[in-house]
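Welcome! Please take a moment to look over the chain below before reading on.

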Amino acid sequence: MDPDFLNAFTQPSTLDRFLAEDVIAKGEKRKLIKPTPGKNPKLEELKLFLTEWINRTLKEEHIVVKSLEEDLYDGLVLHHLLENVGSLKLDVEKIALTEKKQRQKLSVILEVVAKCLQLEESQLKWSVESILAKDLLSTLHLLVAIAKHFEPTLALPPNVQVETITIETTSRGLKTSNAVEYITENKENIEAQSKDDVFDELFSCASDKQHAAKKALLQFVDQHVGKLGLNVKDIESQFSDGVILLLLIGQLEGYFLNLRNFFLTPASTMEMLHNVNLALELLAEGGLLNFPVNSEDIVNGDTKAIMRVLYCLYSKYRTKEA
């Protein structure tokens, strides 16, 4: 478990408040922005930008937002914002005073947003409960999505990323995994990828080319982890838990991986995510990963995401071997 997380949540006052408020029920997962000693300048810039955008948009209605978490949770500001930027007429009460009515109002608002953005439920990075709970991460994702859809020319601060911590309560206590999450797009990486993304091009080609690329990567991996007595045959299934990826990085980069720092036989999605996030952190620290990767894509066996990550190592060490 991350010592920074322990420091943040094992302080008596913080832990007592965390449990007393029943923030996370048993068996539930919650992803939050990780508590840090200092402020994240880019995050603060985005918060200020969105606050000013909302206040500018709702100026004629005399609505003033001072805090994104405290002022948006009941749906009032979101209601007015969508009516202004999206010309949407929402069948909800203007003011919802009780938590029940606020939940109902948010449900209608977020359903309309999802429909406008053409997003499935699995793609949403917010929910009625997270907005109602004043969750900053969810609120930011929601506002950025609304801004990008209804005001695409709005110059959102790019490359805003935060450290997140996913928390799950189990019979043994709190279980956590860390990750880095982008809230706004990394324009430099997007431009670089759009100019020369070998994998987008590869996956638009015939399947025989994809098969050949897959085979080359598997042979490369097998050559190195084979020294540990492992045999790799399938990209989608054998990399999803992060174990082989970590062992491969250890072999190539010369890292000593303490078994206490990762799960050698992960038994849950949380443990798999922990392994994958650790692998991505090591690649980023080594200067091998210069584009955003969603760790959940790796865990879900997304072929393109896994091949992109493997190619970071392949392109460096294949050249040396040659």
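What follows is a short tour of the chain, its helix packing and a few individual residues.

## The model and the chain

This is a predicted model, in which local features need pLDDT of at least 70 and side-chain atom pairs count only at pLDDT 80 or more, while totals for chains, interfaces and linings use all residues. Residues are numbered from 1 along each chain as its sequence is written, and side-chain values use heavy atoms, with hydrogens and water left out.

The chain holds 16 helices and 3 strands. Both kinds of element are DSSP runs, numbered from the N terminus: helices are H or I with at least four residues, and strands are E with at least two. Of the 322 residues in the chain, 44% are buried. Here, buried means under 20% relative accessible area, exposed means over 50%, and partly exposed lies in between, using a 1.4 Å probe and protein chains only. Looking at contacts between residues at least 6 apart in sequence, 62% join residues at least 24 apart; a contact means heavy atoms within 4.5 Å.

Let us turn to how some of the helices pack. Axes are lines fitted to C-alpha atoms, for helices over the stretch in contact, and angles run from 0 to 180 degrees between N-to-C directions.

| Helix pair | Angle | Axis distance |
|---|---|---|
| α3 and α8 | about 55° | 11 Å |
| α3 and α5 | roughly 70° | within 10 Å |
| α6 and α8 | about 45° | 11 Å |

Helix α3 covers residues 41–57 and helix α8 covers residues 136–150. Their angle makes α3 oblique to α8, and α3 passes α8 in a left-handed crossing. A crossing is called left-handed if the near helix is turned anticlockwise from the far one by less than a right angle, and right-handed if clockwise. On the α3 side, Leu43, Leu46, Lys47, Leu50, Trp53 and Ile54 take part, and they meet Leu136, Leu140, Leu143, Val144, Ile146 and Ala147 in α8. The residues of this contact divide into 11 nonpolar, no polar and 1 charged. In these classes, Ala, Val, Leu, Ile, Met, Phe, Trp, Tyr, Cys and Pro count as nonpolar, Asp, Glu, Lys and Arg as charged, and the others, Gly among them, as polar.

Helices α3 and α5 are roughly perpendicular to each other, again with a left-handed crossing. Trp53, Ile54 and Thr57 in α3 meet Val77, Leu81, Asn84 and Val85 in α5. This contact of α3 with α5 has 5 nonpolar, 2 polar and no charged residues.

Helices α6 and α8 are oblique to each other, and their crossing is left-handed. From α6, Leu110, Val113, Cys116 and Leu117 meet Leu142, Ala145, Ile146, His149 and Phe150 in α8. The contact of α6 with α8 counts 8 nonpolar, 1 polar and no charged residues.

## Two enclosed helices

Helix α5 is largely enclosed by the rest of the structure, because 8 of its 10 residues are buried. The buried residues are Val77, Leu78, His79, His80, Leu81, Leu82, Glu83 and Val85, and they pack against α3, α4, α6, α7 and α8.

His79 sits in α5 and is buried, at 1% relative accessibility. Leaving aside residues up to four places away in sequence, His79 touches Leu90, Val92, Glu93, Lys94, Lys105 and Ile109.

Helix α13 (residues 243–253) is likewise largely enclosed by the rest of the structure, as 9 of its 11 residues are buried. Among them are Val243, Ile244 and Leu252.

## Positive phi values

Most residues other than glycine have a negative phi. His62, in the loop between α3 and α4, has a positive phi near 60°, and this residue is exposed, with a relative accessible area of 73%. Asn159, in the loop between α8 and β2, also has a positive phi, of about 60°, but Asn159 is partly exposed at 24% relative accessibility. Just after α5, Ser87 takes a positive phi of about 50°. Finally, Gly254 follows α13 and has a positive phi near 75°.

Key:
Parallel < 35°, antiparallel > 145°, perpendicular 65-115°, else oblique.
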